[in-house]
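Have the sequence and the coordinates at hand as you read.

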Amino acid sequence: MDVRLVTDGGIEDRPIEELPELLGDAGNLVWVDIPSCDEEAVSVLAEVFCFHPMAVRACFERNRVPKVHAYSDHVFVILHAPERGKRGHVHYIELDQFVGRNYLVTVHGPINPAVDPEVALRETSAVLKRIKAGRLRPATPFELSYAIVSALTRHQEAYIETVTGDVWRLEQRVTGGQVDNPEEFLDELFRVRHGLLAVRTMGALSGAIYGRMTSLTRISPGGQRLVVDIADQFDRVRIVADGEREYLQGVIEFYQSVLTVKATLVGQAQNEEVKRLTEASYAQNEQVKKISAWAAIFFAPTLIGTVYGMNFDHMPELHWIAGYPAALALMVLVSAVLYVMFRRRGWL
């Protein structure tokens with residue numbers, strides 16, 4: 001936990017034991033920066049500042065959406081900044097602020113173990129460097145908070161700039177026909193869109209939070225002007241993210257149209273091939289029908305002839321005048337009946 005006294009000449013580090021005395025002087029601007037909310041930090045927030053228990057609990061728990069709670073002597077604000085993770089995942093880096101009459105308390109919320117802890121301190125560290133270098137001289141807690149939140153919105157815009165580079169790269173691959181694996185490419189497209197949607201949501205919700213703060217009468221006129229400007233910055237983040245997201249959606253729709261056209265052409269070629277194979281199969285079936293029909297026609301005489309051609313010792317037909325003539329007639333009759341039947345079915 002870092003206790004700092006912001007003066008006209010810069011900034012001074014003070015021991016935590018002096019915090020009650022520093023807060024007792026209304027002319028001081030005290031900045032307490034808490035990298036992680038441990039037991040000591042909870043004790044200071046609850047006993048020295050006497051913050052609401054729900055606000056203290058929110059500092060050591062992860063909050064999924066921005067929030068603002070107005071109390072009689074201070075405002076509690078929860079904001080998020082994006083940090084890029086693996087495979088398009090977006091980490092929400094939380095920054096909690098207590099903005100009072102003569103103090104600002106910044107608490108860096110819990111972060112994913114996969115994120116470098118220094119990432120959570122980037123906004124406050126940047127503002128601290130500006131104050132030490134003499135480029136920033138905040139006179140009120142809202143001016144100090146304004147500088148920190150402005151750094152946060154710049155990181156949101158930088159994130160959009162990074163993702164926009166991915167959007168352009170993907171668009172070039174689509175228009176250049178350099179997509180080898182459509183499934184992986186679509187997955188990459190939707191991951192990039194997820195990143196834009198995440199930062200867009202951060203900007204929109206944070207802008208709504210500061211829009212509500214503009215109606216709080218307990219904030220000084222100077223603080224109100226800063227709150228209005230912060231709301232405008234978040235609104236700009238939302239608009240830029242929306243524009244890039246719509247552009248990316250156009251790339252996605254264009255690529256989906258290309259896939260649809262390719263699938264249609266492939267389907268037509270497959271249908272033509274199926275049609276050709278069907279016609280060839282039909283022609284073969286017709287030939288098989290004809291061969292089967294003629295085989296059946298000649299099978300009956302062949303069978304009868306085979307039976308009568310057997311060399312039996314006792315064949316009554318040898319002594320019958322009508323034996324073989326009747327057999328021949330039967331052969332012709334059966335063959336004729338089969339011919340007529342197959343002819344009517346169109347097999348011949």
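Which residue takes a positive phi in the hairpin of E5 and E6? It is arginine 87, with phi near 55°, in a hairpin that has five residues between the strands. Please keep in mind that this is a predicted model.

**Strands around E6**

Let us stay with these strands for a moment. Strand E5 (residues 74-84) pairs with E6 in the antiparallel sense, over 11 bridges. Within this pairing, histidine 80 stands opposite glutamate 94 in E6.

E6 also has E7 as a partner: the two run antiparallel and are joined by five bridges. Here the hairpin goes from E6 to E7 through two residues, and phenylalanine 98 has valine 105 in E7 as its bridge partner.

How many of the 11 residues of strand E6 (residues 90-100) are buried? The count is 10, so the strand is largely enclosed by the rest of the structure.

**Aromatic contacts**

Six aromatic pairs occur in the structure. Two of them, which share phenylalanine 51, are set out here.

| Ring pair | Distance between centres | Angle between planes | Class |
|---|---|---|---|
| Phenylalanine 49 and phenylalanine 51 | 5.0 Å | 10° | stacked |
| Phenylalanine 51 and tyrosine 103 | 6.1 Å | 45° | tilted |

Planes under 30 degrees apart count as stacked, which is why the pair at 10° falls in that class. Phenylalanine 49 and phenylalanine 51 are both buried, and tyrosine 103 is buried as well.

Phenylalanine 51 belongs to the loop between helix H2 (39-48) and helix H3 (53-60), while tyrosine 103 belongs to strand E7 (residues 103-108), so their contact ties together parts that are 52 residues apart in sequence.

Elsewhere, a ring meets a charge: the charged end of arginine 4 sits over the ring of tryptophan 31, at 4.8 Å from its centre.

Finally, what about enclosed space?

Definitions and conventions: Residues numbered from 1 in each chain as written. Predicted model: local features only at pLDDT ≥ 70, side-chain atom pairs only at ≥ 80, totals over all residues. Heavy atoms only, no water. Phe/Tyr/Trp six-rings, centres within 6.5 Å; stacked < 30°, edge-to-face > 60°. Buried < 20%, exposed > 50% of the residue type's maximum accessible area, 1.4 Å probe, protein only. Helix = DSSP H or I, 4+ residues; strand = E, 2+ residues; numbered from the N terminus. Lys NZ or Arg CZ within 6 Å of the ring centre and 35° of its normal. Pairing = 2+ DSSP bridges.
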